[in-house]
Amino acid sequence: MSTQASVDQPKATQPSLGGFFKSHLREYGILIALVVIMALFQFLTDGILLKPLNLTNLFLQNSYIIIMALGMLMVIVCGHIDLSVGSVLGFIGALAAVMMVQWGWPAPVTFVACLVVGTLIGMAQGYWIAYYRIPAFIVTLAGMLVFKGLTLWLLGGQSVGPFPETFQKLSTGFLPNLLPGEGFHLTSMLLGIAVAALLLYFNIRARAKQAQYGAAREPLQFFWLRNGLIAAAVIYITYLLSTYKGPPNVLILMALLISIYTFVTQRTTFGRRIYAIGGNEKAAMLSGINTKRLTFLTFANMGMLAALAGMVFAARLNMATPKAGLAFELDVIAAVFIGGASMRGGSGKIIGAVIGALIMGVMNNGMSILGVGIDWQQVIKGLVLLAAVIFDVYNKNKSG
Amino acid sequence: MNTILEMRGITKTFPGVKALDNVNLAIRDGEIHALVGENGAGKSTLMKVLSGVHPHGSYDGDILFDGEIRSFKSIADSERLGIIIIHQELALVPLLSIAENIYLGNEQAQKGVIDWPRSYAQTEKLLAKVGLSEAPGTPVGELGVGKQQLVEIAKALSKNVRLLILDEPTASLNEAESAALLELLKEFRAQGITSILISHKLNEVKQVADTVTVLRDGATVSRLDCSTETISEDRIVADMVGRSLSDRFPPRTPNIGDIVFKVRDWNVFHPQQSDRQIIRNVSLDVRAGEIVGIAGLMGSGRTELAMSIFGRSYGQKISGEVTLHDQPMDVSSVQRAVGSGLAYATEDRKTYGLVLDDTISRNVSMANLGAVSRAAIMDDHYEDSVAEGYRHKINIKTPHVQQKAVNLSGGNQQKVVLSKWLFTDPEVLILDEPTRGIDVGAKYEIYSLINELAAQHKAIIVISSEMPELLGISDRIYVMNEGELIGELPREQASQETIMTMIIQSGRH
């Protein structure tokens, strides 16, 4: 009844700053958390955190988690979970190694073949989940064991490597500098500025369109503050990277994937349907949404991204090891939940999952620099995950 | 008679909203007191204040029970005094037995060890009191909604109830079950148990209530004593809506065309038990611009019929033919059924109709995303403008279409569900319980909308358990029982009596 009365209130064209901030605390909160954590470690490590070399490492170290988080977000939005991604990552790394080192396949062929195999693995798991309604937890738990075992079998318990140079480039390569300049990577700097400008352009255009329909709810100050900060961050980070070797290839790959998946989840009918399925599967089904096929595709996509992450990871180490991917699924799932996705499905954003992964990554990296042992790192990461979800639930109860 | 409960000057505010404004309620000992009002009038909030869900201190005013001022901090406090509330959504655990449910949280135990023989014996006694003959060990999930309701009441009795509050108890019951429940309330009255009945069904209120309190917009509008004066339904409705609603059904001049939609020899079997036939040889026709009602008791197979036609969403081994304009209609999946011009608005809008956490706008477009996208890319602005259009056209009360569906009242949620289906531009609409649990004013609006659709030459099937509603809006009524259509009545011949007689007679052979 309170809700009934509250919606009858007159339409507020410009919500108050404080009110808007409160109702979007979750979205801004995670971004603020990332900035605060980065500032904290920047201070504690005497500025090592944002040194160009370390920043490059930070992206390299977390790329595979972020790549898998993109797929995991969709799986979780759809109302499922995938526990097998760590094992699949390890398995594909091993498969790639065997293909290239033992069978002598060229890197590009291996790359495509591995993506196909990863997709097939995702499809095999998704098939049981979508069409036979076997809980994803069970199917992917089985998958986790199966692919962990297959990795060991494939590698015979040995590490296999090294890889051809073209394959290594996937992770350790850098964007070539096409423009002249010693010690400064002008190409990437210009690229960074272009990306920032493009982001600004798209957001301003969307805002103008919203305003035209009278649907702009974000106060103007927030809009400029948010976009200004994002643009500044992009330019600053590319500047830092430009003073070293420029952006690593994998960063470009990640940026592309993040853009694509943000677009797919937010702007396409496919994305919309995934959210509807997670929100209320029965209602989605009775609205003519092919819930089974979409669930199936979500897992197929997850398999493909796990394969990609597997190759990125293997390329970085320049070998495949039997232990690769151990417990990675937990980091990926944690990143998605820190990023604000709901366990029940139906909510969560790509950018949230990426920021969630970065928070974990910065903490790992920062604590390692500080010499915090792996034991306490785990404890602290666990508490951060718990705190993020408690914050979520508390926030929801207060607003609901 | 003494006053058992008095609520004086209750005012409850939520941030920015005054939900209750100086509400007074006095309940005499041993009476049946009906509390009526539109959705959003403040009934549930008032009962939450009474039962301690909104604890003492979060509202202004006093609660007097047995003449003493009480300050309940929680439900446990009010239950201790025998104030028991039974919510519209039943709070039973389907996998536990009747006895386990009744004594949940109140186990008959000694030193933590449950005394099962005693629990069962007492459960049997309680069940006898509410007229149930089920074994106490039966899992609650195996009972129908009507019987589950009785289990809830038995549970209340186990707690030595003095004031029983029933929130829309007959909302999901059929006529026979409703009648039995009302009889039970009368029996309780004879035993000295006081009841508060919250109901939208004014005929029931008239039947059993000694006193009626009407709430509107969070304030007490009137208190009507049925023992001293005869209260007409129209009088109550007038108080509820604040305007006189001379006719509960909007006027309409039917303009009926040719047969548009045909179902022939429809047979459906139970989804798990493949030898159990749920729908038998159903054949029906609907003409353009015609509103056809399907009457029947709960479990007669009406929803199963509709769902099995709508993309085979129910059952297996489905056989039969569906045609539109004498052309076979492909209803083999929901997508195809929608694509060929069929729409089905489900009976339970929260479970089957809406994504509650999504916005109105997203719910409206859900069944027709193709129309608000180009090459699979959503046009969010067009999507919003579509929802905005329906908001104006059928009066969805909300400041903007970015509001989440969960925040709307039942009537407005139903309008969102209807908008969703209107946006698919169907030729045939099946509406399953379109006005369940929504208030009189919103019902009138939904009826007007149905009439308007009929005027646009749509073929409309309405499934409803409220017979006055079917009689009020249908041009023709099919009567269904045990999976079969047992009769067909034109509007002029249909009455509650003829329909009930048909059902009872068909059950005999």
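A salt bridge is taken here as a side-chain nitrogen of Lys or Arg within 4 Å of a carboxyl oxygen of Asp or Glu. A:Arg267 forms one with B:Asp380, where the closest N and O atoms are 4.0 Å apart. Between chain B and chain A the count is four salt bridges.

This is a predicted model, in which local features need pLDDT of at least 70 and side-chain atom pairs count only at pLDDT 80 or more, while totals for chains, interfaces and linings use all residues. Residues are numbered from 1 along each chain as its sequence is written, chains are lettered from A in the order in which they are written, and side-chain values use heavy atoms, without hydrogens and water.

In the interface, 46 residues of chain B are in contact with 37 residues of chain A (heavy atoms within 4.5 Å). The two chains bury about 3,500 Å² between them, 59% of it on carbon and sulfur atoms; this is the accessible area (1.4 Å probe) lost on putting the two parts together, summed over both.

On the surface of chain A, a nonpolar patch includes A:Tyr127, A:Trp128 and A:Leu141, and its residues have about 780 Å² of accessible area together. Patch residues have over 30% relative accessible area and no salt bridge, with nonpolar side chains (Val, Leu, Ile, Met, Phe, Trp, Tyr) joined within 5 Å. Helix 6 (107–131) and helix 7 (136–155) of chain A each give two or more residues to the patch, and A:Leu141 lies in helix 7. Helices are DSSP runs (H or I, at least four residues), numbered from the N terminus.

Terms used: Patch = residues over 30% accessible without salt bridge, like charges linked within 9 Å, V, L, I, M, F, W, Y side chains within 5 Å. Areas by Shrake-Rupley, 256 points an atom, 1.4 Å probe, with all protein chains shown as cover.
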